[in-house]
Structure formats: structure tokens, C-alpha cells
Amino acid sequence: MAFELTPLPYADTALAPVISAETLSFHHGKHHQAYIDKTNAAVEGTDLAGKTLEEVIAAARGSNQGLFNNAAQSWNHAFYWNSLSADGGSASDELKAMLKDSFGSHEELNTQLADRGAGHFASGWVWLAEKDGKISIEETHDGDTLADSDFNPLLTIDVWEHAYYLDHQNKRPAYLDGVIKEKLNWSFASENLARGSTWAYPA
Ligand code: MN
């Protein structure tokens with residue numbers, strides 16, 4: 001079974017004006033679709049056909065950079081769409097308590113997320129992730145992912161230029177400010193924390 005593009009979990013206007021329908025049409029409909037298509041083309045007819053996307057990512061890491069990039073980007077984007085929502089959702093009491101432990105306050109978490117996102121050189125991803133009962137901010141470069149890591153990813157933010165250029169041009173901090181303050185899906189983060197294992201790409 002080939003991997004399919006995961007549908008957006010909201011209307012394409014739901015994130016505007018922080019992320020416009022036009023950005024989503026390119027980012028989801030073109031960029032994400034291309035990563036999926038290239039992953040499918042690369043695994044077809046190989047012994048990776050029929051594996052989960054997480055298994056493909058782990059198998060390709062360090063041995064097949066082209067496949068790894070496309071498979072990891074397929075996963076990262078699906079996780080990113082779920083990491084956003086129109087109204088931000090709400091954090092569970094468990095997540096709130098752990099965030100307070102790790103960052104002191106939600107405002108401090110927001111400041112650190114914005115700083116890490118703005119400071120990430122060139123393309124990549126900024127993550128909120130849990131490991132050994134602690135929540136931290138992590139960064140991965142280019143297409144790299146936490147999907148096959150020791151971390152349980154809770155949320156991610158795409159800081160590639162294609163995520164914000166149509167809406168904010170070169171002003172990555174403006175995109176980050178809107179996403180972090182208004183659009184992060186704290187309900188999704190809470191579900192990921194409660195599950196205690198890494199979100200799985202839909203089969
Ligand atoms: Mn992207």
C-alpha cells in the first residue's frame with residue numbers, strides 16, 4: 001500500500017491570517033504531496049514496500065539520504081498539520097504541570113519557542129518533545145525528524161521559508177509569533193503526551 005497524503009484536519013481558511021489558504025494550497029497540496037510521491041516511488045518494488053512510514057524512515061536514516069529526506073518530510077508535514085488548529089485547543093492538566101516544571105510559565109515557553117525558531121539557521125523544524133518525563137524544545141535541520149528518535153514529539157513548527165513566505169515574506173518571527181500565540185494545537189500535544197509513544201502516520 002502506497003502512502004497517502006493526509007488531509008488537512010481543518011478548512012484551508014482556518015489558520016488565516018497567520019497561515020493563509022494560499023500557503024496551505026502550496027504547502028500541503030504541492031510540497032507535502034511531492035514528498036509523499038517521491039517516497040512512494042523510492043520504496044516501490046523494494047523490501048521497504050509495505051513497511052510503515054516510521055519503519056521506512058528508520059531504515060533509510062544514514063543509508064539512503066534521498067529516501068530519508070522524502071520519508072521524514074512526509075511524516076513531519078503530517079505531524080505539523082495536526083500541530084496546528086484554528087483555536088489552539090487546550091492543554092491537559094498533565095501537560096500544563098509538566099510545562100510549568102520545564103519552563104516556569106507558558107509565556108516563558110512561548111518566548112523560548114520563538115527564539116529557537118527565529119534562531120534556527122536556514123531550513124528545519126522546531127519541536128516540543130518529551131523524554132524521561134521532561135519536556136524540552138528540540139530542533140532538527142532540513143528534513144530531519146524526531147519520528148524515529150528517543151523523544152516523544154508533542155508539537156512541531158515548520159521553519160522552512162515555504163511555510164511563511166507568501167504570508168510574511170522574509171519575516172519568520174512574524175509567522176512564529178502568530179503560530180505560537182494562536183495556532184498551536186495543545187489538545188494534540190496533550191494526546192501525544194498521554195499516549196506516551198510517538199504518533200503514528202496513518203496507514
Ligand atoms: Mn514544509
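Me: Let's start with H27. Is H27 buried or exposed?

Reply: H27 counts as buried, because its relative accessibility is 1%. Buried means under 20% relative accessible area, exposed means over 50%, and partly exposed lies in between (1.4 Å probe, protein chains only). Before we go on: this is a predicted model, where local features need pLDDT of at least 70, side-chain atom pairs count only at pLDDT 80 or more, and totals for chains, interfaces and linings use all residues. Residues are numbered from 1 along each chain as its sequence is written, and side-chain values use heavy atoms, with hydrogens and water left out.

Me: Got it. Which residues coordinate the manganese ion?

Reply: H27 (NE2), H77 (NE2), D158 (OD) and H162 (NE2) do, at 2.0 to 2.1 Å. Donors here are N, O and S atoms within 2.8 Å of the metal (3.2 Å for Na, K and Ca), and water is not among the atoms, so sites may look incomplete.

Me: New topic: strands. How many bridges pair β1 with β2?

Reply: There are 8 bridges, and the two strands pair in the antiparallel sense. Strands count as paired if DSSP finds at least two bridges between them. β1 and β2 form a hairpin with 2 residues between them.

Me: What about β1 and β3?

Reply: Those run antiparallel too, joined by 6 bridges. L128 has L155 as its bridge partner in β3, and it stands opposite I137 in β2.

Me: What does L109 touch?

Reply: Leaving out residues up to four places away in sequence, L109 touches L99, F103, L128, I137 and W186. Contact means heavy atoms within 4.5 Å. L109 is found in helix α5 (residues 106–119), and it counts as buried because its relative accessibility is 0%.

Me: Nice! Last one: which residues of α5 and α7 make their contact?

Reply: On α5 they are N110, L113, A114, G117 and A118, and on α7 they are R172, P173, L176 and I180.

Methods. Helices (H or I, at least four residues) and strands (E, at least two) are DSSP runs, numbered from the N terminus.
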